[in-house]
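Subject: Structure handover

Hello,

Here is the structure I said I would pass on. Please open it beside this email and follow along; my notes come after it.

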Amino acid sequence: MDGVGSFGAGLAGAAFDRFPSSSNRPILRVLSWVFSLVVFASIVNEGYVNLGSERLHCVFNKNADACNYGVFCGLLGLLLCSFFFLLDVKFQQISSIKDRKKAVMLEVGLSGFWTFLWFVSFCFLANQWSRTAPKDLPLNQGADAARASIAFSFFSILTWAGLTVRAVQKYLLGTDMTLFTTDHLDGVAPVTPYPPTTGGAIEPSDNYQSPPFTEGLEAPAPTYQVPIY
């Protein structure tokens with residue numbers, strides 16, 4: 001794959017691409033953000049009814065835990081989507097393979113875990129809504145908000161599952177970590193300790209140089225005299 005670095009990121013120093021064409025994760029991320037917002041806003045605005053007293057009751061069978069769980073999943077889903085969207089934008093600028101691997105593993109773990117939480121939310125809210133008596137909702141108050149929360153909890157399962165699959169695929173694109181030294185993993189290119197050879201024996205080079213200004217000079221004659229016996 002040309003122009004693709006480790007873990008699906010662009011090559012270090014390559015031109016910045018705000019929305020990588022090889023991934024549909026930004027679309028799934030935006031949908032997950034919108035679905036989380038709908039669940040959160042529906043329960044906060046219309047998820048509680050007043051049954052002739054000052055105390056508000058949750059529309060899901062008067063079970064406050066159901067409303068609290070839906071608000072928790074919606075609010076934390078919003079924050080996670082925002083965080084990972086920023087991470088998607090900045091991911092190509094991460095030069096260290098170790099940091100890329102940590103980011104992708106974090107995305108795989110949290111996306112998979114939040115898929116499970118949305119599944120629990122859908123089952124929990126649907127179960128409590130089926131047990132809600134009509135007399136507990138005068139004038140059908142809060143019914144639309146309850147149905148919207150259940151429906152978009154189900155839609156969130158699909159989008160977060162898609163994000164998990166894309167994150168796993170991104171992890172599988174990672175470069176084999178055993179092929180790199182520690183320095184290279186930190187973003188520093190490895191240094192070759194010896195010059196490369198093209199094969200065969202290395203011929204020694206004569207690096208000796210004669211002293212300057214000695215060429216053409218005759219050797220000095222001996223100054224001692226031979227003894228005569």
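I begin with the core. In this predicted model, the largest nonpolar core is made of 31 residues. The residues with the most contacts inside that core are Val59, Phe60, Trp114, Trp118, Trp129 and Trp160. The largest share comes from α2, with nine residues.

Apart from neighbours within four places in sequence, Phe60 is in contact with Ala66, Cys67, Leu125, Gln128, Trp129, Thr132, Ala146, Ser149 and Ile150. One of these, Trp129, is also listed with Phe60 among the residues with the most contacts inside the core.

Next, the chain as a whole. Its secondary structure consists of five helices and two strands. Read from the N terminus, the order of the elements is α-β-β-α-α-α-α. The chain has 229 residues, and 33% of them count as buried. Taking the contacts in the chain with a separation of 6 or more, 79% are between residues 24 or more positions apart.

Now the helix pairs. How do α3 and α4 pack, and at what angle? Their axes are 8 Å apart, and the angle is about 155 degrees. Angles over 145 degrees count as roughly antiparallel, so α3 is roughly antiparallel to α4. The crossing of this pair, α3 and α4, is left-handed. Sorted by class, the contact of α3 with α4 contains 21 nonpolar, eight polar and four charged residues.

The axes of α1 and α4 come within 8 Å, and they cross at roughly 155 degrees. That angle makes α1 roughly antiparallel to α4. Here too you can check the hand: α1 passes α4 in a left-handed crossing. The contact of α1 with α4 has twelve nonpolar, eight polar and five charged residues.

The crossing of α2 and α3 is left-handed. By class, 18 nonpolar, four polar and three charged residues take part in the contact of α2 with α3.

Last, a detail of the backbone. Which loop holds Asn61? Asn61 lies in the loop between β2 (56-58) and α2. Phi of Asn61 is near 60 degrees, which is a positive value in a residue other than glycine. Lys62 is also found in the loop between β2 and α2. For Lys62, phi is near 55 degrees, again a positive value in a residue other than glycine.

Asn61 has a relative accessible area of 27%, so Asn61 is partly exposed. Lys62 has a value of 42%, so Lys62 is partly exposed as well.

If you want an order for looking through the model, take the core, then the helix pairs, then the loop.

Regards

Key:
Residues are numbered from 1 along each chain as its sequence is written. This is a predicted model: local features need pLDDT of at least 70, side-chain atom pairs count only at pLDDT 80 or more; totals for chains, interfaces and linings use all residues. Side-chain values use heavy atoms; hydrogens and water are left out. A nonpolar core is a set of buried Ala, Val, Leu, Ile, Met, Phe, Trp, Tyr and Cys residues joined through side-chain atoms within 4.5 Å. Buried means under 20% relative accessible area, exposed over 50%, partly exposed in between (1.4 Å probe, protein chains only). Helices (H or I, at least four residues) and strands (E, at least two) are DSSP runs, numbered from the N terminus. Contact means heavy atoms within 4.5 Å. Axes are lines fitted to C-alpha atoms, for helices over the stretch in contact, and angles run from 0 to 180 degrees between N-to-C directions. Angles under 35 degrees count as roughly parallel, over 145 as roughly antiparallel, 65 to 115 as roughly perpendicular and the rest as oblique. A crossing is left-handed if the near helix is turned anticlockwise from the far one by less than a right angle, and right-handed if clockwise. Ala, Val, Leu, Ile, Met, Phe, Trp, Tyr, Cys and Pro count as nonpolar, Asp, Glu, Lys and Arg as charged, and the others, Gly among them, as polar.
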